[in-house]
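Try each task before you read its solution.

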Amino acid sequence: MSQSDYIKDIAKYGLENDQEKLLSALNELIDHSKQTKKLNFAIQLQSILKETIRNRGSKNLTKVGSDTYFNRVDERETNDLILEKLTSDYRLENIVADSSVMNELKNFIEEHRKAELLRKYNLPIANKLLLHGPSGCGKTLASYVISGELDKMMVVVNLGAIVSSKLGETSKNLAKIFRRAAAEDCIIFIDEFDSLGKVRDYSQDHGEMKRVVNTILQLFDYLPQSSIVIAATNQKDMLDEALLRRFDFCIEFGLPNEKQIADLVALTLKKGNFSFDNATKAKQVIKKAVGLSYYSIQKTLVTALKRSLFQMDNPEKMISPRISTFVWEELLKQEKMALAI
Ligand SMILES: Nc1ncnc2c1ncn2[C@@H]1O[C@H](COP(=O)(O)OP(=O)(O)OP(=O)(O)O)[C@@H](O)[C@H]1O
Ligand SMILES: [Mg+2]
């Protein structure tokens, strides 16, 4: 059967309200998607299915005080603390970085691909990763790459919601999230990890910061080996020393050099088969882009690309549209001025 046959069955059973056949058709579609290498789609379907079944279970009368009751309350509370839940199609080839960063990323991924081997020899699996460096240099992107390469669901934590809560609540909230991530065997991504430092400002109690750091240290220590925590920050100095030491890997993402800018440009232009109107001039412009982040460079390039397309007479018919190097250079100048570089 093809994917569309399964979808037709699912529509039919759904409309007929035949739950049993609907579930079996959905499961068949999940298997089919796995076999045809649509792994992300399969994971997403599976997650919808799991969640619906769990919610349906919780609609039945639950005894207060029973495990189901506590799980349900817990889940409702953790939902507010989670920014999003995602799966990813990103791969290592979607990120540009120097070879040491790439090697570190590969090594981290390898630890989880070869987890069985490590377990066999009683070796610990590195599962706590800190990504740091300036804004727009690929920290969040790297977390998507890891999630995509390992086919693991990622839970993005809303640190703002956690930290601004009442005294003593921050630690409790963190514990809840970690418990949930452990149960779902996924990646916890804590963006802006340094905002934990803000606990200091929110609280009159000087012990609060210490309590939060201690909680994280404990959660890290008891994190199951199959769960992964990725934390990202552009203010590594704000982090407590004891906390820093707990990370198995610390990867620094820096601003791109000339070679990396050229690679980023090639990556960005690959899809549309674009090229520059003047290759020699383009090389000079790349030199001038040094000092900007990957994000800023990519943003100006995409804008230049669109403006160049709009200026063409018949852009739809172009086989290899040319980008105006002049327009890109101007946009880069403006970006540098705006950022006062
Ligand atoms: N190293 C990189 N390789 C390829 N593209 C990149 C890279 N860094 C950034 N980009 C592009 O810029 C976008 C934004 O980058 P990203 O969100 O990963 O930055 P960040 O380091 O997390 O920044 P922030 O500290 O502001 O959160 C990415 O989605 C991607 O399009
Ligand atoms: Mg980010």
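**Exercise 1. Find out how far the model can be trusted.**

Start with the chain as a whole: this predicted protein chain averages a pLDDT (the predictor's confidence in each residue, from 0 to 100) of 84, and 86% of the residues score at least 70. Next, look at residues 58–66, where the pLDDT is below 50 and the stretch has 7 contacts beyond near neighbours in sequence; a contact means C-beta atoms, placed from the backbone, within 7 Å. Where pLDDT is low, the predicted coordinates should not be read in detail.

Residues are numbered from 1 along each chain as its sequence is written, while chains are lettered from A and ligands numbered from 1 in the order in which they are written. As this is a predicted model, local features need pLDDT of at least 70, side-chain atom pairs count only at pLDDT 80 or more, and totals for chains, interfaces and linings use all residues.

**Exercise 2. Find the partners of strand β2 (a DSSP run of E, at least two residues).**

First, β2, residues 128–132, pairs in the parallel sense with β5 over 5 bridges; pairing requires at least two DSSP bridges. Second, 4 bridges join β2 to β6, also parallel. Finally, follow His132: its bridge partner is Thr233 in β5 and Glu252 in β6.

Conventions:
Contact = placed C-beta atoms within 7 Å.
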